[in-house]
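Subject: Structure handover

Hello,

My notes follow below it.

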Amino acid sequence: MTNWGFLGAGSIARSSLAPAVHADHSATLHSVASSDPERARALAPLRTYSSYDALLQDSDLDVVYIALHNSAHCRWTEAALRAGKHVVCEKPLGLSRTEVDTMVRAAADTGRLLVEAAWNRWHPRTRDLEAMIANGAIGTVTSVTARFDGLAPPPGNYRRDPALGGGALLDVGYYAVSATLAAFGWRAPRVVWAKQARWDTDSADCESAFLLEFPGYGVAEIRCSLNGSRAEEFTATGTDGTLRLSAPAFCAATAPAHLTGTDRTPRTYPAIDPYRVMVRAVEEAVAGRPCYLVPLAQSRLIASTIDAVRSSCLAG
């Protein structure tokens, strides 16, 4: 059995990761550390801690899941790795390429596993989309349009706070950037233009829009927001056809999903819990068996791209 420990007991830990760990036949939710004892106990671990450091000193733990706000990812991921634990960290892995590099170095130094918990990357439709494009199903990709509009966070929520790593770009924009980079074969883009809007002068971005150019290949127009509307769209057009994800394009899980190509015959995917698939993959990796994990090189490129978009917004 693999013992999991959670740093944090927020909504994703409660609704997604804890059920996935409890459902896995070789995983145990051994411990949870939270400043709120009730929330920690609600996840039904064997042990609870009020201190993150105390959990990391638990010699019975194998894997630590980082379920904290974005600005805490780097500090606690590095601490967990250096405490000898494998780490699964919520996306975005870091607030910047510099933070991601810090975590990647810590994983290399310690020989521990580091996984960015970009849960939708384990969905069979996402895996098929990436494989089909890589195998030339639509020829050479020349353009992408991607959009993710999500619910508005309530006042006081960390998603409104830039110091905590809030904002539409790091939250929902992450999914659109990831899918776009995959469509263009994980090549590094150039930001042609970028713009952002904020809830107020001191808040994080509530909307981001930008155009990426992949020199020699094509362009991608990406829009994301946290203003209350709901929209998830993704289309990749190539020299030999088009692939389109039905809504929700990025967060399909609780309902059947579809992938439609130029022949207009959709591939249909039943409802699935990608968190369970991710937990199973981590279990396989810890045991030394082959499995799919999001490559850290891709996590680094996503962070670099988001860095470039933010820099372009500041310069403009």
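Predicted model: local features only at pLDDT ≥ 70, side-chain atom pairs only at ≥ 80, totals over all residues.

The largest pocket has a volume of about 1,200 Å³. Its lining counts 44 residues, and the closest to the centre are Ser11, Ile12, Tyr158, Arg159 and Asp171. Two elements each give two or more residues to this lining: helix H1 (11-23) and helix H7 (168-171). H1 has the largest share, with five residues.

**The sheet**

Eight strands make up an open sheet with mixed pairing. The order is S8-S9-S10-S7-S11-S12-S13-S14. Strand S8 (190-198) and strand S14 (267-269) are the edges, and each pairs on one side only. Direction ignored, neighbouring strands are turned by 10° against each other on average.

Some pairings in detail:

- S7 (residues 141-149) runs parallel to S10 (residues 218-225), with seven bridges between the two. Here aspartate 149 stands opposite serine 225 in S10.
- S9 (residues 205-214) pairs with S10 in the antiparallel sense, over eight bridges. Leucine 212 faces alanine 220 of S10, standing opposite it. S9 and S10 form a hairpin with three residues between them. In that turn, glycine 216 has a positive phi of about 85°.
- S13 (residues 257-260) and S14 are antiparallel, with three bridges. Leucine 259 stands opposite arginine 267 in S14.

Helix H8 (residues 173-183) packs on it and touches S7, S9, S10 and strand S11 (231-238). The direction of H8 makes about 165° with that of S7. Helix H10 (residues 296-315) also packs on the sheet, touching S8 and S9. The direction of H10 makes about 70° with that of S8.

**H5 against H10**

H10 has a helix partner as well. The axes of helix H5 (residues 97-110) and H10 come within 8 Å and cross at roughly 160°. Angles over 145 degrees count as roughly antiparallel, so H5 and H10 are roughly antiparallel to each other. From H5, the contact uses Arg97, Val100, Asp101 and Val104. From H10, Leu296, Ser299, Arg300, Ala303, Ser304 and Asp307 meet them. By class, this contact has four nonpolar, two polar and four charged residues.

**The cavities**

How many cavities of 30 Å³ or more are there? The count comes to two.

The largest cavity holds about 90 Å³ of space. Its lining includes Asn120, Arg121, Glu130, Tyr175, Leu245 and Phe250. Helix H6 (124-134) and H8 are the elements that give two or more residues to this lining. H8 gives the most, with four residues. The classes are seven nonpolar, three polar and two charged.

The second largest cavity has a volume of about 40 Å³. Among the residues that line it are Pro92, Leu93, Gly94, Glu116, Leu170 and Tyr174. Val100, Ser299 and Ala303 also belong to this lining, and these three take part in the contact between H5 and H10. H10 gives the most to the lining of the second largest cavity, with four residues. By class, this lining has eight nonpolar, two polar and one charged residues.

Best regards

Definitions and conventions
Residues numbered from 1 in each chain as written. Heavy atoms only, no water. 1 Å grid on protein atoms, 1.4 Å probe; cavity = no way out; pocket = protein on both sides within 12 Å on 5 of 7 lines; lining within 4 Å. Points joined across faces, edges and corners; volume = space filled by probe spheres on them. Pairing = 2+ DSSP bridges. Axes fitted to C-alpha atoms, helices over the stretch in contact; angles between N-to-C directions. Contact = heavy atoms within 4.5 Å. Parallel < 35°, antiparallel > 145°, perpendicular 65-115°, else oblique. Nonpolar A, V, L, I, M, F, W, Y, C, P; charged D, E, K, R; others polar.
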